2 protein chains.
Amino acid sequence: MSRENIFIGVDGGATKSKVIIENSQGQLLGQTRGGPVALRLGVTNSWKVVLATIRMALAEAGLSLDDKRYDFHVGMGLSGCEITPKYNEFIATEHPFANLVLVSDSYAACLGAHDGADGASIIIGTGTVGYQIQGDKIIQVSGWGFPHDDQGSGAWLGLKAIELTFKWLDGRLQETSPLLEMIWERFGKDTSEIVTWSNSANSTRFAEITPLVLQQIENKDPIAIRLIQSSAKEIDAVGAAIVRRTDEQKALPCTLFGGVSHFIEPWLGEELKKRIVSRKHDATVGAILALKKRIKI
Amino acid sequence: MSRENIFIGVDGGATKSKVIIENSQGQLLGQTRGGPVALRLGVTNSWKVVLATIRMALAEAGLSLDDKRYDFHVGMGLSGCEITPKYNEFIATEHPFANLVLVSDSYAACLGAHDGADGASIIIGTGTVGYQIQGDKIIQVSGWGFPHDDQGSGAWLGLKAIELTFKWLDGRLQETSPLLEMIWERFGKDTSEIVTWSNSANSTRFAEITPLVLQQIENKDPIAIRLIQSSAKEIDAVGAAIVRRTDEQKALPCTLFGGVSHFIEPWLGEELKKRIVSRKHDATVGAILALKKRIKI
């Protein structure tokens, strides 16, 4: 009697990971969350976290990797896959699975979002990254890092708000707005506070200013509106670049996600807006889809 | 018989320092260069470097601090003076001078530039800082740090050029220009090279890209010209903010210095251009002027 197939989907990002367990009918048997999995932070440790999280999810489903009645197949979407030596090292590690397919977390997210069909995704969180899968053709637009890229993102919005605050404080910007007053207040109206903070801020820290911007949009704060409009313009450019690079310049459906996307969506241009569809599944399902796409089971 | 007065001027910056020795007739008796003097890097060490450099400059003039025939008066313009505890600690240190006046390097530079008269300075180097002295009133515009400020500077120009390179590479920017090709070439036409470099670049590193931009202005490269125009616009805003904050909004003479200023000057607006005068002296002379302004000798 042949063994039963169990499918495991892993979404491993720099802040947390998630694992789901499915049977061959696609039914969800168990799921759990685990620690960060980023190949750039170390392959051995990534494997350790992944295996521990998988074991937890299997336990939730009443399963164990030692159970010989099952073949366990795993699809993993892990951050840091684009670093070839790390990818190779991870793949070469001995493991208990019948099949292992490793893709990037962006790939898994995009594939899951469109339920395995061709399509694009724009993630607008702390950073911005546009991604598209069209058969074997992968496109990445933006997502190259901060402050030199990731325009329109949470980090970028925060940086722009801080820039304007400095210009307002020293008289380069003549208009004012409650948003700038709020930021100034946040630093106790103390120049050395805001200077010291800014000089040591990274993308995550700049992104902490963004909720003030988003909150002020509802209050029709002119500076907050100008900022969100400039973000939307950058995201429109990501969308347009993806279409331009698609075979026959065909506009594929596009999903938006990430913490800032919801706020930016109403400000986007019609070209991108009309392509937007809602996300079908998350990256763990995408990781299983990537597995099934590559390996016939 | 009264002792002869000797005046010492110190310009201490984060990369190097300079000392000049003058007699009471304002004749230059000696000068020398020394190591970096930045109060933020430590008061004890700053004093050590300053004293060693002063001794060298005095030796060049055939003088010694132990010579009882002279009173030695020193004016120092040191970077990091705005940190009050460091300023106090420096001032409280025992020293061999008859008089000591400590001001910031920006103050000394601005005072020297206008030979002690009221006036403004805009320094456009790796960073950008606008500074004005009008009697006892000091104004600073920009110079708050990077990437959140210092618009128009060398670091900022480099960052903007890298931003455009990424947009060009992934299709957000449709036009091209030799400048972008040159930057791409600099990184061996390798995405992971430019991504890795950018992710670890600080203001000094971004400023290393700027010579390519400045070189391409002469070749009428459209992107280089657009970049230098946007820099000039930021510098115009610094100039305008200074005037706006000057008593009675009077436009005082303004000097420009720093490695990038020469390239930006032709692109500035008429408002600022007509105020520009050439620099009379450097910050070491400015430091002696600051001394004489505060202490009657």
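This is a predicted model: local features need pLDDT of at least 70, side-chain atom pairs count only at pLDDT 80 or more; totals for chains, interfaces and linings use all residues.
## Where the chains meet

Let's start with the interface. Here, 31 residues of chain B are in contact with 31 residues of chain A. Together the two chains bury about 2,500 Å² between them, and 54% of that falls on carbon and sulfur atoms. Three residues stand out on the B side: Trp144(B), His148(B) and Arg172(B) supply 29% of the area that chain B buries against chain A, more than any other three residues.

## The nonpolar cores

In soluble globular proteins, nonpolar side chains tend to be buried together. In this model the largest nonpolar core has 47 residues. The residues with the most contacts inside it are Ile122(B), Ile162(B), Leu179(B), Ile183(B), Leu227(B), Ile264(B) and Leu268(B). Quite a few elements of chain B give two or more residues to this core, among them strand 6 (119–124), helix 4 (154–169), helix 5 (178–186) and strand 9 (254–257). Helix 9 of chain B gives the most, with nine residues. A second, separate core has 46 residues, including Trp184(A), Ile228(A), Ala241(A) and Val260(A).

Leu268 is a handy residue to look up in both chains. Leaving out residues up to four places away in sequence, Leu268(B) touches Ala232(B), Ile235(B), Asp236(B), Leu256(B), Lys273(B) and Ile276(B). With its neighbours within four places set aside, Leu268(A) is in contact with Ala232(A), Ile235(A), Asp236(A), Leu256(A), Lys273(A) and Ile276(A). You'll find Leu268(A) in the loop between helix 10 (261–264) and helix 11 (270–273) of chain A. Its relative accessibility is 4%, so Leu268(A) counts as buried. If you follow the chain 26 residues from Leu268(A) to Arg294(A), the C-alpha atoms of the two are separated by 35 Å.

## A covered helix in each chain

Helix 3 of chain A, residues 105–113, is mostly covered, with eight of its nine residues buried. Tyr107(A), Cys110(A) and Leu111(A) are among the buried ones.

The buried residues include Ser106(B), Tyr107(B) and Gly112(B). Asp115(B) follows the helix, and its phi is positive, near 55°.

## A hairpin in chain B

Strand 7 (residues 128–134) and strand 8 (residues 137–141) of chain B pair in the antiparallel sense over five bridges. Within that pairing, Ile133(B) stands opposite Ile138(B) in strand 8. The hairpin has two residues between the strands, and Gly135(B) takes a positive phi near 60° there.

Most residues other than glycine have a negative phi, and most peptide bonds are trans. A few places here go the other way. The peptide bond from Phe146(A) to Pro147(A) is cis, with omega near 10°, and Pro147(A) sits in the loop between strand 8 (137–141) and helix 4 (154–169) of chain A. In chain B, a cis peptide bond joins Phe146(B) and Pro147(B), with omega about 10°. Pro147(B) is in the loop between strand 8 and helix 4 of chain B.

Two residues of chain A are worth a look for phi. Asp150(A) has a positive phi near 65° and is placed in the loop between strand 8 and helix 4 of chain A. With a relative accessible area of 9%, Asp150(A) is buried. Glu248(A) has a positive phi of about 60° and lies in the loop between helix 9 (222–245) and strand 9 (254–257) of chain A. Is Glu248(A) buried or exposed? At 78% relative accessibility, Glu248(A) counts as exposed.

Technical notes:
Residues are numbered from 1 along each chain as its sequence is written. Chains are lettered from A and ligands numbered from 1 in the order in which they are written. Side-chain values use heavy atoms; hydrogens and water are left out. Two strands pair if DSSP finds at least two bridges between them. Helices (H or I, at least four residues) and strands (E, at least two) are DSSP runs, numbered from the N terminus. Buried means under 20% relative accessible area, exposed over 50%, partly exposed in between (1.4 Å probe, protein chains only). A nonpolar core is a set of buried Ala, Val, Leu, Ile, Met, Phe, Trp, Tyr and Cys residues joined through side-chain atoms within 4.5 Å. Contact means heavy atoms within 4.5 Å. Buried area is the accessible area (1.4 Å probe) that two parts lose on being put together, summed over both.
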